[in-house]
Amino acid sequence: MDLYCVMGNPIHHSKSPWIHARFAELTGQSLHYGSRLIPPNGFAAEVKAFFSEGGHGCNITVPFKFEAAALANHHSQRATLATAANMLTLQGGKLMADNTDGAGLVKDIEYNAGVQLRGSHLLLIGAGGAAAGVLGPLLLAGPASITVANRTLAKAGDLVARHAALAAQQRTELRAQDLQTLTSTFDVLINATASSLTGGAIPVAASTLKPGALAYDMMYGSAAQGFMNWAQEHGARPRDGLGMLVEQAAEAFMIWRGIRPPAQQVLAELRRLVA
Ligand code: ATR
């Protein structure tokens, strides 16, 4: 059986083995997808061991996405822009890095939530790894503007500078802004900060929400609940990141197996499972 896994630390919470097993079942693919807990300084050695054991591909989660990109010999354009990878594949003896997080987010917003990004005004909150992983694919969806707002403005500035050429090509207005000084309103807000994990408040003012705006938290479960409640209270449409999780896995499955799994069905099942 072809061997896949997800690597991270911690890893016990990961839903990826369940999602990929379900995809395989529903598409009639024969594969095994496991999980590996990686010690803090052991990432490169574990990747090498996995592929020398015959591994086909692995997904990478926190905190190794940057190290995964650095380790690879070849990178997709989106992994290059993100400077981070959520999947590694061995092809012809070379390690290929890709990042399906952003494509998964766009798919969940446009297909599952039914909100078209083309022509919209978008607020991406945060400028860490999570934000970096999705900005390129968000630009490719053709919004009128994307504002990257972060507590530390310089980090938002770096992220925007790295994506300036793609933004110009897409004719999307891309700017960096300090979280505290936001005055505009937006059609779509995406929370890519770790503020809920660190016990922080909602990182943005409610005045940024257009009525009925989509307020998306890239996390799910209790980590997303505060942001979702806040969005609901202020007339926005809340959505957590469970769909992004399933859709980024579906993109990876498609690349590895050449067959598109029924992501919406698996998302509905997973929602019932985590409820
Ligand atoms: P990740 O890989 O999850 O994105 P990260 O790279 O450490 O993690 O980035 C965390 C992001 O959450 C950053 O944008 C961080 O803001 P700073 O760049 O100013 O540190 C943001 N963040 C974390 N706690 C926050 C809080 N309480 N309020 C606002 N933003 C916060």
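This is a predicted model: local features need pLDDT of at least 70, side-chain atom pairs count only at pLDDT 80 or more; totals for chains, interfaces and linings use all residues.
Local features were considered at pLDDT of at least 70 and side-chain atom pairs at pLDDT 80 or more, whereas totals for chains, interfaces and linings use all residues. Numbering starts from 1 along each chain, and side-chain values use heavy atoms, without hydrogens or water.

Six strands form an open, mixed sheet in the order β2-β1-β3-β5-β6-β4. Strands (E, at least two residues) and helices (H or I, at least four) are DSSP runs numbered from the N terminus; pairing requires at least two DSSP bridges. β2 (31-37) and β4 (74-75) are the edge strands, each with a single partner, so one side of each lacks a neighbour in the sheet. β4 runs parallel to β6 (residues 94-98), joined by two bridges. His74 stands opposite Met96 of β6.

Helix α1 (residues 16-27) lies across β1 (2-8), β2 and β3 (55-60). Its angle to β2 is about 175 degrees (axes fitted to C-alpha atoms, for helices over the stretch in contact, heavy atoms within 4.5 Å; angles from 0 to 180 degrees between N-to-C directions).

The largest pocket has a volume of about 1400 Å³, the space filled by probe spheres set on grid points joined across faces, edges and corners. A pocket is an open set of points on a 1 Å grid over the protein atoms alone, where a 1.4 Å probe fits, with protein on both sides within 12 Å along at least five of seven lines; lining residues have an atom within 4 Å of a point. Of 50 lining residues, Val62, Ala130, Leu197, Met218 and Met219 are the closest to the centre. Domain 1 (2-99 + 244-274) and domain 2 (102-240) both contribute to the lining, so the pocket lies between them; the bounds come from an automatic or database assignment.
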